[in-house]
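Hello,

Here is the structure I promised to pass on. Please open it first, then read my notes below.

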Amino acid sequence: MSIVVLMIGPQATALADTIAVRDAYVRAVPPGQPNSAAFMRITNHGDEDRALLAGASDQAKVVELHTHRMEDGMMRMRQVGQIDLPAGETVVLEPGGLHVMLIGLTETLAPSNRVTLTLDFDDGDKQRLSLPVKRIEPNPMPMHQ
């Protein structure tokens, strides 16, 4: 005989809401572009440091965690083993910084599409997200006066 324990009340909510993902989206890319990236804000509401370890999506052959670093005077994108999520803090994944790389896209990512992304955390938790695809407009060049 097996016993199932169902947590109800504040404890269940606290566990479920320890890691919150907000403002998540995937960058739209032109047809034929093989890669894109996902950006978001991840807040660790818990009392212990956590980490994002990996991701997966049916719309990409490979999902990797990346950052940009200055090397030899140039910004270069590099894969990272994890994204640390300090207790009580929000980590921003944004263009030019940390992001989730979608490599080998299996379909064109145009605005109004959605991408399913599963995030894997260090404690075994997974979050399955449905992210909107958005066009990112480049920053306009400042005008000289």
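**What turned up**

Y25 and F39 are both buried. Keep in mind that this is a predicted model.

How many aromatic pairs are there? The count comes to one. Y25 and F39 form that pair, and it is tilted. Their ring centres lie 5.4 Å apart, with 45° between the planes. Y25 sits in strand β1 (residues 19-27) and F39 in strand β2 (residues 35-44). The pair links distant parts of the chain, 14 residues apart.

Next, the core. Nonpolar side chains tend to be buried together in soluble globular proteins. Here the largest nonpolar core has 28 residues. Which of them touch the most other members? They are M40, L102 and L117. Several strands supply at least two residues each, including β1, β2, β8 and β10 (126-134). Strand β9 gives the most, with four residues.

Last, H99. This residue lies in strand β8 (residues 99-105). Is H99 buried or exposed? H99 counts as buried because its relative accessibility is 2%, and the cut-off for buried is under 20%. A polar atom of the H99 side chain lies 2.8 Å from the backbone oxygen of G97. Beyond its neighbours within four places in sequence, H99 is in contact with several residues, among them F39, H66, H68 and M77.

Best wishes

Note on methods. Residues are numbered from 1 along each chain as its sequence is written. This is a predicted model: local features need pLDDT of at least 70, side-chain atom pairs count only at pLDDT 80 or more; totals for chains, interfaces and linings use all residues. Side-chain values use heavy atoms; hydrogens and water are left out. Buried means under 20% relative accessible area, exposed over 50%, partly exposed in between (1.4 Å probe, protein chains only). A polar contact is a pair of N or O atoms within 3.5 Å; within protein, one must be able to donate a hydrogen and the other to accept it, and residues adjacent in sequence count only if both atoms are side-chain atoms. Contact means heavy atoms within 4.5 Å. Rings of Phe, Tyr and Trp (its six-membered ring) pair if their centres lie within 6.5 Å; planes under 30 degrees apart count as stacked, over 60 as edge-to-face and the rest as tilted. A nonpolar core is a set of buried Ala, Val, Leu, Ile, Met, Phe, Trp, Tyr and Cys residues joined through side-chain atoms within 4.5 Å.
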